[in-house]
Amino acid sequence: MAATPQNPAASAPRRKVSRHRGEGQWAQGHFTPLNGNEQFKKDDDGLNVRTRIETIYAQRGFDSIDPTDLRGRMRWWGLYTQRKPGIDGGKTAILAPEELDDEYFMLRVRIDGGRLTTAQLRVIGEVSQEFARGTADITDRQNIQLHWVRIEDVPEIWRRLEAVGLSTTEACGDTPRAILGSPVAGIAEDEIVDGTPAIEEIHRRVVGNPAYSNLPRKFKTAVSGSPLLDVAHEINDVAFVGVEHPEHGPGFDLWVGGGLSTNPKIGVRLGAWVPLEEVADVHEGVISIFRDYGYRRLRNRARLKFLVADWGAERFRQVLEDEYLKRKLIDGPAPAQPVERWRDHVGVHRQKDGRFYVGFAPRVGRVDGATLAKIADAAEAHGSGRVRTTAEQKMIVLDVEEAQVDSLRTALDALGLSVSPSPFRRGTMACTGIEFCKLAIVETKARGSALIDELERRLPEFDEPLTININGCPNACARIQVADIGLKGQLVLDEDGNQVEGYQVHLGGALGLEAGFGRKVRGLKVTSQELPDYIERVLRRYLAEREDGERFAAWAGRAPEEALA
């Protein structure tokens, strides 16, 4: 609906109305002017680049790749050029893209709902070892990322992945990204509703569909019927959260407009209850609103969260109902407060069929191809051949008989994959960082792993749930704003005035029904060398000053600034 003198937008300041009138919303007839991203998407759908990869680029090599395909359309098939080795963080924002590009790629394997078979996991492990120098990272969107991939090897990698039902389709780009799902969907004793059929139907309708392959920006979806709220629903573009309606029974509460990066926003409830069989319809309506009304003119305002913030929940729901669904949604309740403070499913838990699932914690999501193959072996030997990734960079083996639990635990421990990790190992998450990412400023994975060891040594008795999220740049791929301790990578000055790697600190962020962003203490920046000292100091202060049962986030929110410095 276009802005008119009768609608609320007319009462906003004139400058704002003028800006929004030309935001590049297709539904309002604004198809030009186009920025560079919108132009290359108009020139050729990103889905079409696969043919060129297979028939030209893989045959002729890296230098044959068209620059627009290289830094644009190839993302539609899960491919990003990785950072050239040896370029320090101070050059990240200075060098041109072609100066940052290495002749190798990150390849993201799409894993909707985190659902894998051991056969699939073993193939990922084999691809990692043969084509990616053994690399494999579990992401906080349940995917697995490989590095050091050559363009010449991509068609063969696709062949092997697709032979076992895996894909890299729209794992990146301005597309419907991998759908987060509860990793214990269909098996958890306390599950409200199994969202698996909805995830499968959403995938069938939108992934690889040209109707949704040109969105203003990325579009993130989450579906979970777990009372643990285990898919970070608050920071997705659209999320379906399991609830029990007092009249209609189990279904989903609808959220829209969440997202982090440099302008973070918590998603908003539309107050609508959606039955399982209608989730895909509603999802299609929401993604269509984003496609048609999303702000395409400016890239930094092109996420759905900006449209939701401008419209508000009431108008968004009205447009969804009137223009896309052509019917009213049922009003429904909000999700209940989760009783567990960890949402990662680590540990040994009984399934509703009497068997068990066993969750374990790789260090900051980093594994390797050989380890993935060994996890597949252990899961086959002790379970039914089903494994899951989680939205917290963890993994789970399903369907373990009680008599097999201890031997599986022993097998995982032998791989360095703890079923009973310390809070530091369990709660530390890190993005890719400067090792491979062209946007990063500082190291993250190795820093996070070393930090775990140091905190375990210094605070061996610490047993409170705690999240430490480490990001290599401001874009918040590791969710720094919603961690107990969020660390945003940047260059800082050490005590001698030298520019070194360090972090801006966010304290007291959280997800769950008390979701909120961490507190930034004025001027608080920590060098990477000082990081263990700083975190130890803050945690000891917390232990000394907390009230009974008080979470770290709550203490950090009320503590004086000097206690956090």
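# A walk through the fold

The protein has 18 helices and 21 strands. Helices (H or I, at least four residues) and strands (E, at least two) are DSSP runs, numbered from the N terminus. This is a predicted model, in which local features need pLDDT of at least 70 and side-chain atom pairs count only at pLDDT 80 or more, while totals for chains, interfaces and linings use all residues. Residues are numbered from 1 along each chain as its sequence is written, and side-chain values use heavy atoms, with hydrogens and water left out.

Start with the overall size. The C-alpha trace spans about 65 × 60 × 60 Å along its principal axes. The chain has 565 residues, and a compact globule of that length would have a radius of gyration near 24 Å; the protein has 23 Å, which agrees. That radius is taken over C-alpha atoms, and the globule rule is 2.2 Å times the number of residues to the power 0.38.

Now the sheets. Strands of a sheet pair through backbone hydrogen bonds, either parallel or antiparallel. Here, two strands count as paired if DSSP finds at least two bridges between them.

Angles need a rule: axes are lines fitted to C-alpha atoms, for helices over the stretch in contact, and angles run from 0 to 180 degrees between N-to-C directions. Three bridges pair β3 with strand β15 (residues 386-389) in the antiparallel sense. Leu116 stands opposite Val387 in β15.

Another open sheet of five strands runs β17-β18-β19-β20-β21, with mixed pairing. At its edges stand β17 (428-430) and β21 (519-527), each with a single partner strand, so one side of each lacks a neighbour in the sheet. Neighbouring strands of this sheet are turned by 30° against each other on average, direction ignored. Strand β18 (residues 468-471) and strand β19 (residues 485-493) run parallel, joined by four bridges. Asn471 stands opposite Lys488 in β19. Helix α15 (residues 445-458) lies across β17, β18 and β20 (499-507), and runs at about 155° to β18.

Next, helix meets helix. Angles under 35 degrees count as roughly parallel, over 145 as roughly antiparallel, 65 to 115 as roughly perpendicular and the rest as oblique. Contact means heavy atoms within 4.5 Å.

Take helix α6 (residues 118-131) and α7 (154-163). Their axes come within 10 Å and cross at roughly 165°. The two helices are therefore roughly antiparallel to each other. The crossing is right-handed. A crossing is left-handed if the near helix is turned anticlockwise from the far one by less than a right angle, and right-handed if clockwise. Val123, Ile124, Val127, Glu130 and Phe131 in α6 meet Glu156, Ile157, Arg160 and Leu161 in α7. These residues divide into six nonpolar, no polar and three charged. Ala, Val, Leu, Ile, Met, Phe, Trp, Tyr, Cys and Pro count as nonpolar, Asp, Glu, Lys and Arg as charged, and the others, Gly among them, as polar.

Helix α9 (residues 279-293) comes next. The axes of α9 and helix α10 (residues 304-311) come within 10 Å and cross at roughly 90°. That makes α9 roughly perpendicular to α10. In α9, Val286, Ile289, Phe290 and Tyr293 meet Leu304, Leu307 and Trp311 in α10. By class, this contact has seven nonpolar, no polar and no charged residues.

Helix α9 also meets helix α8 (residues 196-206): the two axes come within 9 Å and cross at roughly 45°. That makes α8 oblique to α9. This crossing is right-handed.

Last, two backbone details. Most residues other than glycine have a negative phi, and most peptide bonds are trans. A cis peptide bond joins Thr32 and Pro33, with omega about -5°. Pro33 is found in the loop between α1 (14-21) and α2 (36-43). Glu170 has a positive phi, near 55°. Its place is in the loop between α7 and β6 (176-181).
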